Amino acid sequence: MRILSGVQPSGELHLGNYFGAIRQHLELQHEGDALYFIADYHALTTVQDRERLSRLTREVAASYLALGLDPAKATFFRQSDVPEVHELTWMLESVTGMGLLERAHSYKDKVARGLRATVGLFAYPALMASDILIYGSNLVPVGKDQVQHIEIAQDMAQSFNAAFSCEVLLRPEYRLSPTPKVPGTDGQKMSKSYGNTIPIFASGKKLKKAINAIVTDSRDPKLEALDPDSCNAFAIFSLFADEAEQKELAQAYREDRTFLGYGVTKKRIKELMDEHFGPARERFAELLKPKSELDDVLEAGGKRARALAQETMSRAREAVGMTQRPVQP
Ligand code: ADP
Ligand code: TRP
């Protein structure tokens, strides 16, 4: 089984990315041939600053390795090390009706939030479909917001195979994590673009500040019961805490009128995050140093991924009637 997923280097990774995507990626590396990549071409739709793009790319790479990606198991690479992905994108676009992309939520949402309506932003799902199909991926682990993109990739694979009477592209399926929609500090979906994130590699004061920004209601625990089910801090706490601890805190919310309130939950979130991510934070800092193993990992991953992509492309070129091999300069 081939497993594939990508993450954009468009900001600091946060709890939503971790519990919605990364944790699942790390688990799945033991269950099949996993390929994970840093979607730097995709990030160009929003990051247009060379220093920032290259820094964020290294940061995403360091995050995955620090959190437990094993380069002996999973192929880890930069999207831009496989330029063939654009060749397939074009072929897919040529067999895709405008309506399919016009219905995509992510473009409409991004434009509604003030991003410039570029061609790249509009065609984003075609590049993403190509990412998936060029490696013959069977399974794509993602968060809920990406499901429509996988469905678009399914449609495009089918349109391509039908148009050229071939079976070159495989139908991919998505897999959601058990926590597909992690709430942000304001209760909406946690997302860089909403400014409501808790970054996983922050520590000390910065982390405390992010956690303290979690919005809670104004109930006074001395006078009335608190409601764990509607409490955002409780939801974030539950991502880490085991069942026994969740039960205990829920009971304090409901029944204990000496309970000190939401500050207790926030303090516990900080402790749990320090426990959970502490060792990875140190490794993260090490990996970010110049000439760390990170660069070798990405280079080796890029080579393997590109070889796989070239195999698919030679079949795709053949299928569309470009039967000559590309000339060598
Ligand atoms: P952001 O919304 O911060 O820009 P991305 O779109 O780069 O995040 O998401 C990277 C991965 O993390 C995707 O697979 C996405 O589904 C997942 N993800 C992002 N935010 C969340 C969230 N709040 N809950 C669950 N998964 C998320
Ligand atoms: N669009 C995804 C996101 O914003 C990133 C991505 C690009 C991706 N190509 C992909 C995810 C292919 C899965 C498969 O999170």
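This is a predicted model: local features need pLDDT of at least 70, side-chain atom pairs count only at pLDDT 80 or more; totals for chains, interfaces and linings use all residues.
Local features are described only where pLDDT is at least 70 and side-chain atom pairs only at pLDDT 80 or more, while totals for chains, interfaces and linings use all residues. Residues are numbered from 1 along each chain as its sequence is written, chains are lettered from A and ligands numbered from 1 in the order in which they are written, and side-chain values use heavy atoms, with hydrogens and water left out.

**Stop 1: helix H1**

Select residues 15-28, which form helix H1. Helices (H or I, at least four residues) and strands (E, at least two) are DSSP runs, numbered from the N terminus. Pick Asn17 in this helix. Is Asn17 buried or exposed? Its relative accessibility is 16%, so Asn17 counts as buried. Buried means under 20% relative accessible area, exposed over 50%, and partly exposed in between (1.4 Å probe, protein chains only). With neighbours within four places in sequence left aside, Asn17 is in contact with Glu12, Ile22 and Lys192. Contact means heavy atoms within 4.5 Å.

Now move to Gln24, also found in helix H1. Gln24 has a relative accessible area of 6% and is buried. Which residues does Gln24 contact, leaving aside its neighbours within four places in sequence? They are Pro141, Val142, Arg175, Leu176 and Ser177.

**Stop 2: helix H10**

Select residues 232-240, helix H10. Seven of its nine residues are buried, so H10 is largely enclosed by the rest of the structure. The buried residues of H10 are Asn232, Ala233, Phe234, Ile236, Phe237, Leu239 and Phe240. To see what they pack against, show H1, helix H11 (243-255) and H12.

**Stop 3: helices H3 and H13**

Show residues 50-67 as helix H3 and residues 293-320 as helix H13. Two packed helices are described by the angle between their axes and the distance between the axes. Here the axes come within 10 Å and cross at roughly 95°. Axes are lines fitted to C-alpha atoms, for helices over the stretch in contact, and angles run from 0 to 180 degrees between N-to-C directions. H3 and H13 are therefore roughly perpendicular to each other. Angles under 35 degrees count as roughly parallel, over 145 as roughly antiparallel, 65 to 115 as roughly perpendicular and the rest as oblique.

**Stop 4: a pocket beside H13**

Of the 13 residues that line it, Gln310, Ser314, Arg317, Arg325 and Pro326 are the closest to its centre. Helix H4 (84-94) and H13 are the elements that give two or more residues to this lining, and H13 gives the most, with five. The lining has three nonpolar, five polar and five charged residues.

On a 1 Å grid over the protein atoms alone, a cavity is a set of points where a 1.4 Å probe fits but cannot get out, and a pocket is an open set with protein on both sides within 12 Å along at least five of seven lines; lining residues have an atom within 4 Å of a point. Grid points are joined across faces, edges and corners, and a volume is the space filled by probe spheres set on the points.

**Stop 5: the cavity**

How many cavities of 30 Å³ or more does a search of the whole structure find? The search finds one, and the largest cavity holds about 40 Å³ of space. Select its lining: Ala104, Ser106, Tyr107, Lys110, Leu121, Tyr124, Pro125 and His149. Helix H6 (105-112) and helix H7 (119-133) are the elements that give two or more residues to the lining.

**Stop 6**

Select Ser165, in the loop between helix H8 (147-163) and strand S5 (173-176). Ser165 is exposed, at 69% relative accessibility, and its phi is near 40°, a positive value in a residue other than glycine. Most residues other than glycine have a negative phi.

Next pick Lys291, in the loop between helix H12 (262-287) and H13. Lys291 is not a glycine, yet has a positive phi of about 60°. With a relative accessible area of 82%, Lys291 is exposed.

End at Leu44, in the loop between helix H2 (40-43) and H3. Leu44 is partly exposed, at 43% relative accessibility. Draw a distance from Leu44 to Ser238: they are 35 Å apart in space, C-alpha to C-alpha, and 194 residues apart in sequence.

Note on methods
Ala, Val, Leu, Ile, Met, Phe, Trp, Tyr, Cys and Pro count as nonpolar, Asp, Glu, Lys and Arg as charged, and the others, Gly among them, as polar.
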